[in-house]
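Student: I have not looked at this one before. Can you take me through it?

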Amino acid sequence: MEGLSLDLVVLQLFTGLALGAIYVLLALGMSLLFGMLTVVNFAHGAFYMLGAYVGIMLLGVGFNFWLCLLFVPLVVGSVGLLCERFLIRRLYGRGIDYPLLLTFGLSYIMVECVRIVFGTTGLQFDTPDALVGATDIGIGYFPTYRLFVIAVTFVVLGLLWLFLERTPYGLIIRAGARDPQIVRILGIDVARVWLVVFGIGTGLAALAGLLAAPLQGASPEMGNSILAEAFVVTVVGGMGSLVGAVIAGLLVGVVVAMTSLLAPEMAQVSIFALMAVVLLIRPQGFFGRAGLMS
Amino acid sequence: MLPPNFVATCKRHRVVLSIAFLIVFPLLMPFKAIAVNILIYGLFALGFNLMFGTLGLLSFGHAALFGAGAYACGIAIVHFGAPWWAGILGGTLGGMAIAALIGALAIRTRGIYFAMVTLALSQCVYFLAYQATAWTGGENGLRGVELSRIAAFGHSINFVDPLTRYYVVAFFVALALFILSRILASPFGAVLEAVRENEARARACGYDVRATRFMAFVISGGFCGLAGALQALHLSIVPIETLYYQTSGLVVMMALLGGMGTFFGPFVGAGVFLLLENLVSLWTVHWQLFVGAAFVACVLFFPRGIWGTLLMGRAK
Amino acid sequence: MSHAMTAQISRRTLLAASSVLAMPAIVRAQDSTIKIGFPVPLTGPYGTEAKDQVACAQIAIAEFNEAGGLGGRKAELLVRDDKLDPGEAATRTLELIENDRVSFIAGSLSASVQLAINNVAKQRGILFNSISQSDQIVALPDWSKTTFHEAMTPYLTAGAVGRYAFKNFGKKVVFLRADYAYGNEMIDGFKAAGAPMGIEVLADLRHPLGTTDYSTLLPRIQSLKPDILVLANFGRDQQISIKQATDFGLKKTTKIVAPILLYTSRLAAGAQAFEGVIGGTSYYWGIEANTPSAKAFNDKYRKANENRVPSDYGALGYAGVRSILAGVTRAGSTDTAKVVAAMEGLKYDSYKGAQEIRSCDHQSVQSVFIIESKSKDMANQYDVFNVLATDAANAENLRSCKDEGHA
């Protein structure tokens with residue numbers, strides 16, 4: 001293998017982490033929705049794509065990238081809220097099939113609407129000026145923007161953890177996930193909790209889309225392929241487990257990066273092979289509860 | 001709405017009615033090729049529903065079974081010069097073989113994990129086929145599954161003629177439907193339902209739940225493999241997309257759309273989906289908007305699927 | 001000529017008249033207009049290109065009809081959406097042949113789709129003129145007597161771009177290809193052109209089709225310090241890989257070369273997208289300055305399309321339909337065998353200079369333009385490329401018919 005040095009392997013590790021960071025954000029949202037609402041969200045990729053396009057729209061009306069980081073999740077999260085309130089809420093208690101089908105239809109609608117508004121050809125999304133170029137990380141140069149993506153992901157993780165573990169709202173959400181009936185008996189409006197959770201989940205997807213846009217531009221189909229990958233990450237980590245989503249996301253990123261280094265053409269199948277192996281050894285994923293949804 | 005004796009008459013003569021429907025069906029469709037597609041996807045959806053509707057296991061890897069049938073049939077004809085009937089047989093067996101392989105690994109998982117293991121394994125099959133260019137044509141797909149005439153019962157039939165091609169495919173689909181209905185009506189079919197309704201009780205009654213699931217998966221593979229083989233003969237190519245996970249998603253949606261709780265539901269779902277896609281895409285390039293909206297409306301207002309809702313309405 | 005034509009018409013009329021009595025519906029459908037099926041991916045990521053192909057193909061139809069058609073018989077284009085899916089394309093082709101009874105088919109925008117259409121068409125003896133790139137369609141076993149290929153082949157394209165790049169930018173090369181027919185055939189073309197020039201291949205890497213992250217490959221490429229990085233991928237893959245290579249700072253030391261630079265992507269993605277990248281194209285509207293046929297075609301397009309200019313893939317839609325109709329005119333008939341014979345060896349200059357359909361494999365022998373993206377001194381919004389060189393039409397630059405398996 002020509003040109004394969006330790007530095008290169010370490011550099012590749014970082015690349016894998018940056019890739020994994022996007023997966024983590026997506027899988028977190030997906031896991032939240034599944035763990036708390038038992039909604040398998042097939043529109044998650046579409047929300048991701050919407051994040052990139054809403055970013056382009058906001059940049060177009062004079063926002064800067066930093067404001068976008070705040071407002072894109074808010075805007076797309078609100079779209080998520082509306083979807084939950086008017087569509088998905090009607091389906092709770094009907095099993096996992098119905099939300100799945102509904103969100104599948106929803107993703108068709110969202111993708112087509114974006115095509116109508118922004119066209120079928122992908123759009124460029126420029127890297128913010130402050131993050132252009134490469135930074136010396138000791139063993140070589142690494143694109144600054146990718147370091148930024150890793151950093152943002154960890155900040156978001158921290159905030160999410162604080163929110164869930166240290167605020168009364170988080171307490172209700174966690175309780176609602178464990179036993180919605182008891183929470184309801186205690187006089188808490190579970191419907192509102194679920195609404196908020198859906199907003200957070202879709203907002204995270206949008207943030208992932210916005211962060212990915214400077215790397216790969218925006219296209220209406222960008223959510224399709226990453227949806228399958230996000231599913232893999234969610235399942236490997238254990239459906240409904242947030243810790244699992246984080247660890248599996250980073251792991252999948254690193255596995256993809258390493259296979260691309262050694263056998264690039266196997267990079268895509270490596271994701272699915274990993275999932276098959278993990279599930280055959282541990283059918284509920286790393287941190288999933290055994291017997292869930294069976 | 002309808003006089004009850006009319007309904008009863010329909011029920012009594014459902015075999016005759018089904019055959020009559022299959023005979024006039026191509027004349028009602030905008031073109032023959034789509035009628036054949038509907039039959040093929042209808043059969044595929046029915047085979048899938050054996051796992052989903054009857055057994056309650058959601059598989060997200062049925063593209064592998066469908067695709068295996070298509071490729072087995074195509075490879076038999078292109079690379080080994082096999083006769084057409086051997087292609088169909090090979091496709092059916094190919095579907096069962098892949099189902100046995102995937103089933104052996106996946107059957108121990110349940111619920112959403114079963115869906116994901118089958119998805120992962122079917123994606124592995126996809127990438128294998130993608131890489132095995134010499135046999136499968138890789139990304140370009142397998143070409144040259146050309147049947148101009150087929151010999152049957154001492155006659156040579158012109159398979160290029162659209163109506164003839166339809167009736168040949170319809171014959172196999174009808175045969176498969178008949179076999180499937182017999183399986184469901186058999187004691188084995190009753191065991192399948194028992195396993196879906198209450199696994200613990202089925203086990204207590206002495207049934208081997210895991211073996212039952214495995215058998216059902218292999219049988220499902222046979223029906224999906226047959227559908228795949230028919231598609232290869234119909235289109236004269238096997239696109240690599242046949243194996244892609246979106247094909248698995250498509251069949252799930254068809255079954256849900258038509259109504260997974262009924263026998264014909266998935267078939268109806270396949271028909272409605274393909275027709276809707278075809279008709280809407282003729283007058284607007286934004287067909288996905290309408291198809292998506294139709295899905296959402298169906299889920300919200302017809303949760304039993306189209307066919308399930310129709311049957312419900314009749315029962316009232 | 002006119003005498004022969006009249007004789008033909010009267011015979012045809014007679015024939016038609018007699019057969020109207022026998023099987024009225026079919027003959028009338030076939031006889032009144034010359035139907036050309038046109039499956040292109042109107043929905044999906046190449047919708048923009050496909051719509052432009054339709055617009056251009058309509059120009060060829062209008063030209064033919066304004067010139068009087070074939071003894072008064074008008075041509076008609078039947079557009080179908082193949083959704084960039086071979087299965088859908090095969091179904092649509094069956095519809096066009098069995099239901100609409102088209103005489104000819106042109107179209108397609110991907111290798112797998114054109115091979116699917118070709119397979120269905122050739123089995124039914126319908127002439128198909130493909131307008132997207134593939135080496136396999138002109139080679140056995142896919143090729144048939146009724147298969148024509150208006151677009152360039154990857155071998156031709158890559159050869160032209162390779163000869164230019166290896167001469168001007170260096171001999172140390174890294175290949176990065178999308179792992180499918182297009183990428184593989186392009187790399188074969190680059191290697192064939194590079195071998196006699198003594199290029200050194202430092203690495204030959206593959207990525208799956210539809211990859212959105214190239215960052216995992218780029219550090220390794222960077223460490224090899226090549227003169228040239230060849231990106232044999234298309235559309236979105238190409239845009240993303242160029243963008244990410246730029247982010248990794250690869251352009252500072254390495255020239256990035258792509259077999260095809262798409263006009264539509266450049267227009268949508270802006271000037272930075274292809275900054276400093278060299279590539280090939282089958283057509284660029286700017287050649288009108290010294291190519292009269294290009295000027296004529298552009299003007300017709302401008303008139304019909306609010307003064308815009310045609311794209312490269314769009315122009316192929318025009319050429320594909322025009323070549324068939326030229327064959328029809330030359331044959332004086334819509335009979336497939338006669339049109340095939342008329343198209344074989346056909347010399348024409350419809351939009352980009354002299355072209356010829358090679359008889360042995362029905363490949364259009366044509367020029368390739370080497371272009372680079374412009375970021376300044378643009379005369380108008382459509383002025384986005386500089387033509388650096390023209391690789392003239394020459395059958396020597398194609399794979400030989402023997403290599404393609406033709407006797």
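This is a predicted model: local features need pLDDT of at least 70, side-chain atom pairs count only at pLDDT 80 or more; totals for chains, interfaces and linings use all residues.

Student: Sheet first. In what order do the strands of chain C come?

Tutor: The order is β2-β1-β3-β4-β5 in chain C, 5 strands in an open sheet. Their pairing is parallel.

Student: Which strands are at the edges?

Tutor: Those are β2 (74-81) and β5 (147-149) of chain C, each of which pairs on one side only. From one strand to the next, the twist averages 20°.

Student: How many bridges join β4 to β5 in chain C?

Tutor: There are 3 bridges between β4(C), residues 127-130, and β5(C). The two strands run parallel.

Student: And what stands opposite C:Ser130?

Tutor: C:His149, in β5(C).

Student: Which strands does helix α3 of chain C touch?

Tutor: Helix α3(C), residues 47-66, packs on the sheet and touches β1 (33-40), β2 and β3 (104-107) of chain C. Its direction makes about 170° with that of β2(C).

Student: What about α4 of chain C, where does that lie?

Tutor: Helix α4(C), residues 86-99, lies across β1, β2 and β3 of chain C. It runs at about 170° to β1(C).

Student: Switching to chain B. At what angle do α9 and α11 pack?

Tutor: In chain B, α9 (residues 187-197) and α11 (residues 209-235) pack at about 120°, and their axes are 10 Å apart. The two helices are therefore oblique to each other. The crossing of α9(B) past α11(B) is left-handed.

Student: Which residues make that contact?

Tutor: On α9(B) they are B:Val191, B:Leu192 and B:Val195; on α11(B) they are B:Val209, B:Thr212, B:Arg213 and B:Ala216.

Student: How do they divide into nonpolar, polar and charged?

Tutor: The contact of α9(B) with α11(B) has 5 nonpolar residues, 1 polar and 1 charged.

Student: Last topic: chains A and C. How many residues does the contact take from each?

Tutor: Chain C gives 33 residues and chain A gives 35 residues.

Student: Which elements of chain C give two or more residues to the side that touches chain A?

Tutor: They are α3, β7 (200-207), α8 (218-224), α9 (235-247) and α10 (263-269) of chain C.

Student: Which one gives the largest share?

Tutor: α9(C), with 6 residues.

Student: And by class, what does that side of chain C have?

Tutor: The side of chain C that touches chain A has 12 nonpolar, 14 polar and 7 charged residues.

Technical notes: Residues are numbered from 1 along each chain as its sequence is written. Chains are lettered from A and ligands numbered from 1 in the order in which they are written. Axes are lines fitted to C-alpha atoms, for helices over the stretch in contact, and angles run from 0 to 180 degrees between N-to-C directions. Helices (H or I, at least four residues) and strands (E, at least two) are DSSP runs, numbered from the N terminus. Angles under 35 degrees count as roughly parallel, over 145 as roughly antiparallel, 65 to 115 as roughly perpendicular and the rest as oblique. A crossing is left-handed if the near helix is turned anticlockwise from the far one by less than a right angle, and right-handed if clockwise. Two residues are in contact if their C-beta atoms, placed from the backbone, lie within 7 Å. Ala, Val, Leu, Ile, Met, Phe, Trp, Tyr, Cys and Pro count as nonpolar, Asp, Glu, Lys and Arg as charged, and the others, Gly among them, as polar. Two strands pair if DSSP finds at least two bridges between them.
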